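Have a look at the model first, then work through the points below.

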Amino acid sequence: MNSMNEIIRFSIPGEPKGKGRPRAQRLARGVRMYTPDDTAAYEDLARIKFKEQHRQPLEGEVAARIVAYYGIPKSAPRKRRELMEANQIRPMKKPDADNVSKIILDALNGLAYHDDSQVVELTVSKKFSLYPRVEVELWQIM
């Protein structure tokens, strides 16, 4: 059982990824639906990083905070880079914040919580950083 004040924190290294759309493959006997390889690999990485920090699923209502840090383009002028590092310019690029949260919450289904329907509060932010990653915080509400 988790302490009510416990916050689970972990980081997923690399550029943020969004949930890819399911793909379909025609077969002689119908259609097979599958998850794109890059989506499946990123979900696996999210699960691995969660398991490094925590083992027990959260019970009851859960809150989540996700901060996606996008890499600063090398082509950005010095002044613009400085503004990006200071969070005065934020990324308005893909993947969308909702797709970033979707891939992470889906990956943690059955692991961090029994079902992602337990997540009743969600905050997602996009920022620039010299070190691209996604930082995740989860905690039980009660």
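**Sheet and core at a glance**

Alanine 63 sits opposite tryptophan 139 of strand E6, with strands (E, at least two residues) and helices (H or I, at least four residues) taken as DSSP runs numbered from the N terminus. Keep in mind that this is a predicted model, where local features need pLDDT of at least 70, side-chain atom pairs count only at pLDDT 80 or more, and totals for chains, interfaces and linings use all residues. Residue numbers start from 1 along each chain as its sequence is written, and side-chain values use heavy atoms, with hydrogens and water left out.

**Strand E4 and its partners**

- E4 covers residues 62-71, and nine of its 10 residues are buried (under 20% relative accessible area; exposed is over 50%, partly exposed in between, with a 1.4 Å probe and protein chains only).
- Eight bridges tie E4 to E6 (residues 133-140), and the two run antiparallel.
- Tyrosine 69 has arginine 133 in E6 as its bridge partner.
- Arginine 65 faces threonine 123 in E5.

**The whole sheet**

- Four strands make up an open sheet with mixed pairing, in the order E1-E6-E4-E5; two strands pair if DSSP finds at least two bridges between them.
- At the edges are E1 (7-13) and E5, each of which pairs on one side only.
- Direction ignored, neighbouring strands of this sheet are turned by 15° against each other on average, using axes that are lines fitted to C-alpha atoms (for helices over the stretch in contact), with angles from 0 to 180 degrees between N-to-C directions.

**The nonpolar core**

- The largest nonpolar core holds 30 residues, and Ile104 and Leu138 have the most contacts inside it; such a core is a set of buried Ala, Val, Leu, Ile, Met, Phe, Trp, Tyr and Cys residues joined through side-chain atoms within 4.5 Å.
- At least two residues of this core come from each of E1, helix H1 (37-53), E4, H3, E5 and E6.
- Leucine 138 touches (heavy atoms within 4.5 Å) residues including Ile8, Phe10, Phe50, Ala63 and Tyr113, leaving aside residues up to four places away in sequence.

**Leucine 111 in its loop**

- Leucine 111 belongs to the loop between helix H3 (97-107) and E5.
- Leucine 111 counts as buried because its relative accessibility is 17%.
- Among the residues leucine 111 touches are Arg47, Phe50 and Pro57, again not counting residues up to four places away in sequence.
- Glutamine 56 is 55 residues from leucine 111 in sequence, yet their C-alpha atoms are 7.5 Å apart in space.
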